[in-house]
Amino acid sequence: LLSDLAKNNSRIIPLSFHVDYWNRLGWTDPFSSSEYSDWQTQYATHFQLESIYTPQLVVNGEYELVGSNRNKAESAIQKALTEHASITVQIKEVTTAKEKVKCRVELTGDVKKQELVVVLLQKTAVVKVRAGENEGATLSHINIVRYLSRQAAKESNEIELDLPVGLTDKNWKIAAYTRQRNDLKVTGATLYE
């Protein structure tokens, strides 16, 4: 569903955060991280959910829903697309060296009370599951968050991201977005490919 939603509109920037709490079932997701499980817990607290679950979809920090529900996902995305960004986000001066990606993120707008989130994304991956609940399945993924950086937003931000070993130049991109610290609402976003 995530890849289908991304194809429909270039203004949609899907991010796939792989949580680690399912690893105990016999197979470790190679893209999972406790950091992303914590990220999901932050949203659960924000949305006053009793527990965390997968698949979960969060749209612009405003709407959360079961990530396999196409109708609700499309409805939430359409609502979000009617809103205008209050922050303009630009990624500039991207360089790579020694397993690092460096860039400058420029923000235009009122950046007070904003957090800047910058993620290194692996564009695609195909994984064969060797054990656990999905043993024997072949899973296709898009826009996998491989490294996350967050900081208080400033007009000009120097960012350094770790580039995972083996990730080729043609299979990564960078997404940057601002969100309000008090309610996690996304206020601006961009993608560098």
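**Backbone and sheet**

Guide: N60 is partly exposed, at a relative accessible area of 29% (buried is under 20%, exposed over 50%, partly exposed in between, with a 1.4 Å probe and protein chains only). This is a predicted model, in which local features need pLDDT of at least 70, side-chain atom pairs count only at pLDDT 80 or more, and totals for chains, interfaces and linings use all residues. Residues are numbered from 1 along each chain as its sequence is written, and side-chain values use heavy atoms, leaving out hydrogens and water.

Visitor: What is the phi of N60, and where does N60 lie?

Guide: N60 is not a glycine, yet its phi is positive, near 55°. N60 lies in the loop between β1 and β2 (63-66); helices (H or I, at least four residues) and strands (E, at least two) are DSSP runs numbered from the N terminus.

Visitor: Is K113 buried or exposed?

Guide: K113 belongs to the loop between β4 (100-108) and β5 (114-128), and has a positive phi of about 65° without being a glycine. Its relative accessible area is 65%, so K113 is exposed.

Visitor: Which strands stand at the edges of the open sheet?

Guide: Three strands form this open sheet, with antiparallel pairing, in the order β3-β4-β7; two strands pair if DSSP finds at least two bridges between them. Each edge strand has a single partner, so one side of it is left without a neighbour in the sheet. The edge strands are β3 (88-97) and β7 (156-162).
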